[in-house]
Amino acid sequence: MDGVNAGGELLALVNDVVGVSVGFRGLFKRDCTDLVRRIALLTHLFEEIRDFGAALRPLDVSTSSASPLTCLPEVANALQAAKRLLSVAGNFCSGAFSDGAAKKITFQFHCVTWKLEKALGNLPCELFEISEEVREQVELVRAQLRRATERYGPLSSKVVFRAPSLPLDREIHPQKSGNRLNGSFHVENFGNINPEAKAKMDSVSKCNDSHSIKDQIVPESGRLSNSSASAEAHPSNEIDGEKGDKSATKSLEEIKKPDSVLIPNDYLCPISLELMRDPVIVATGQTYERSYIQRWIDCGNLTCPKTQLELQNLTLTPNYALRSLITQWCTKNNIEQPTGLVNGRIKKSDGTFRDVSGDIAAIEVLVRKLSSRSIEDRRAAVTEIRSLSKRSTDNRILIAEAGAIPALVNLLTADDVVTQENAVTSILNLSIYENNKGLIMLAGAIPSVVQVLRSGSMEGRENAAATLFSLSVADENKIIIGASGAMPALVELLQNGSTRGKKDAATALFNLCIYQGNKSRAVKAGIITALSNMLTDLNNCMVDEALTILSVLSSHHEAKISVVKASVIPVLIDILRTDLPRNKENATAILLSLCKRDNENLACISRLGAVVPLTDLAKSGTERAKRKATSLLEHLQRLQQL
């Protein structure tokens, strides 16, 4: 199987799967819709695999026993299994089949989901030279598939790879159901299957083929009508069935409900299928989690993921009403993470509690003063909160619980410089406690922090950059911060800030550029020029930081062009000869990224004498440097053979 044909075949399979997605109905409508949506997201992956195959020379495929193409049949098999499953499950009607058929389809969804996730996990994206944004999309799909697999329950891998190849389109005789399906197909440990998956099986098992079926499941209302059919007895290690006919009158939602709380569909992001924390409305009126829809837009998509209608504008409007409903629901169902504060007492690391009621009262007084009309009162209060938030985790918990974060965010735009500095530093201190990061983001702090970063005092700018670094630890926050206009301000601080400010800007930029969408923003903000100056400035002690950021950026197309224009390649080769082992390692990694599928850059480093230092590194460098140097030497050898 060559790369072009393989990529084309996989794309065709994805189109086939999407093609059968029209008109799903019945018991497995949700399962079918979710599976199709996840597979559709793989389109860009297979396009890049096809393009990679087109760039391969025959020698590249035939001489490598570990060709990346060898793993593609596994992906194709998983997609074919999904296609077969969807064609049967998409219109499954509980009255038309026995309970065994429903059980088998549920189990098949489990198998196909598990197998597809594993197949995607085995893809060597680096060898296929898959772009970072597509890799992120693949990881998102894998995460969704893993969560779906967990919902179905534990599964034996021995059974999984047999299951998708078995026929689905014939009914299983009720006498052969139980722990055995269709003769040779054994279902192991049925009792371990998740209650939500069990419910779909159980909802059909109330009807026996020996009776006429008058009533069926009504998907729209989610009810099971009364039926004269007797309930089938299940072995004790299977589904925990109800006694007699009582269960036949139960609500389908009651039967399907697992031990954990079921999240209302309206509260789930249509992209991530996770509970939304920061819901926003797009131009079509649909609501999504901010970080996921921002990522969708950053990848160049200009349509609404749910409706496929073109977005007339890219404005993301906060859905405050829905956020309020979600917050109320979380509070009612104890979904929010505990802060450790219970009835005026804080839980200590040894499990005991410390009374903090006096501290709470004092902090609440300070928080009220943050909104005082008096400039002096506000300045004194925020100065004290800065000091308290620096001292301990307990204080960070209590200050956030007292509602200080929204008030501190308001003070970020204060005219008084001291108040502004203390406010941004307080937010930085509070962000150290993990649970506070989400509260800071929900308070809409990012635009104001960026404003301090642009025009505040040097101390304020330093701490604003450090705050963005702290908040960007969470991947979804990287997206929001990048979209806020932070990159130009960080690059400016990297170029012209104090020594500490440059360090803070560098760490923030490194973290933010891990997300592919931010790399283009950083390049447009002039980061390559700044990094080039850092590499060549003899008085600069930040060569390590500059190389680390470049190693993240160098796989990006726009960054590659800018690096070459800035004449960074000769500097990197000098580092190979003379610098520290870590810096040599990063310089080699950057050169490899620049030279992949780029004969001009390969010829350039060959002319500049890179072969000798690369040969030395391949023998005596760090383990990573050895791998990168060896790969780069192989590319140079191929160039000579052309």
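A salt bridge is counted where a side-chain nitrogen of Lys or Arg lies within 4 Å of a carboxyl oxygen of Asp or Glu. The model described here is a predicted one, and by this rule it holds 17 salt bridges. One of them joins Asp-416 to Arg-379, where the closest N and O atoms are 2.7 Å apart. Because Asp-416 belongs to the loop between helix H17 (404–411) and helix H18 (417–431), while Arg-379 belongs to helix H15 (residues 375–391), this pair ties together parts that are 37 residues apart in sequence. Arg-379 has a relative accessibility of 35%, so this residue counts as partly exposed.

Another salt bridge forms between the side chains of Arg-500 and Glu-462, with a distance of 3.3 Å from N to O.

Asp-475 is partly exposed, with a relative accessible area of 46%, while Lys-478 counts as buried at 4% relative accessibility.

Elsewhere, salt bridges with shared partners connect Glu-117, Lys-118, Glu-139, Arg-142 and Arg-146 into one network.

## The surroundings of Leu-79

Leu-79 is a residue of helix H5 (residues 72–89), and its relative accessibility of 0% means that it counts as buried. When residues up to four places away in sequence are set aside, Leu-79 touches Leu-10, Leu-13, Val-14, Val-17, Ile-39, Phe-46 and Leu-116. The C-alpha atom of Leu-79 can also be compared with that of Thr-113, a residue 34 positions away along the chain, and the two atoms are separated by 9.9 Å.

## A sheet of three strands

Three strands form an open sheet in the order E6-E5-E7, and their pairing is antiparallel. Strand E6 (287–289) and strand E7 (317–318) stand at the edges with a single partner strand each, so one side of each of these strands has no neighbour in the sheet. Strand E5 (residues 279–281) is joined to E6 by three bridges, the two strands running antiparallel, and in this pairing Ile-281 stands opposite Thr-287 in E6. Helix H12 (residues 290–298) lies across E5, E6 and E7, and runs at about 95° to E6.

## Two helices that cross

Two packed helices are described by the angle between their axes and the distance between the axes. For helix H31 (residues 599–607) and helix H33 (residues 623–641), the axes come within 10 Å and cross at roughly 100°. Since angles of 65 to 115 degrees count as roughly perpendicular, H31 is described as roughly perpendicular to H33.

Which residues of H31 and H33 meet? On the side of H31 they are Asn-599, Leu-602, Ala-603, Ile-605 and Ser-606, and on the side of H33 they are Leu-632, His-635, Leu-636 and Leu-639. The residues of this contact between H31 and H33 divide into six nonpolar and three polar, with no charged residue among them.

Definitions and conventions. Residues are numbered from 1 along each chain as its sequence is written. This is a predicted model: local features need pLDDT of at least 70, side-chain atom pairs count only at pLDDT 80 or more; totals for chains, interfaces and linings use all residues. Side-chain values use heavy atoms; hydrogens and water are left out. Helices (H or I, at least four residues) and strands (E, at least two) are DSSP runs, numbered from the N terminus. Buried means under 20% relative accessible area, exposed over 50%, partly exposed in between (1.4 Å probe, protein chains only). Contact means heavy atoms within 4.5 Å. Two strands pair if DSSP finds at least two bridges between them. Axes are lines fitted to C-alpha atoms, for helices over the stretch in contact, and angles run from 0 to 180 degrees between N-to-C directions. Angles under 35 degrees count as roughly parallel, over 145 as roughly antiparallel, 65 to 115 as roughly perpendicular and the rest as oblique. Ala, Val, Leu, Ile, Met, Phe, Trp, Tyr, Cys and Pro count as nonpolar, Asp, Glu, Lys and Arg as charged, and the others, Gly among them, as polar.
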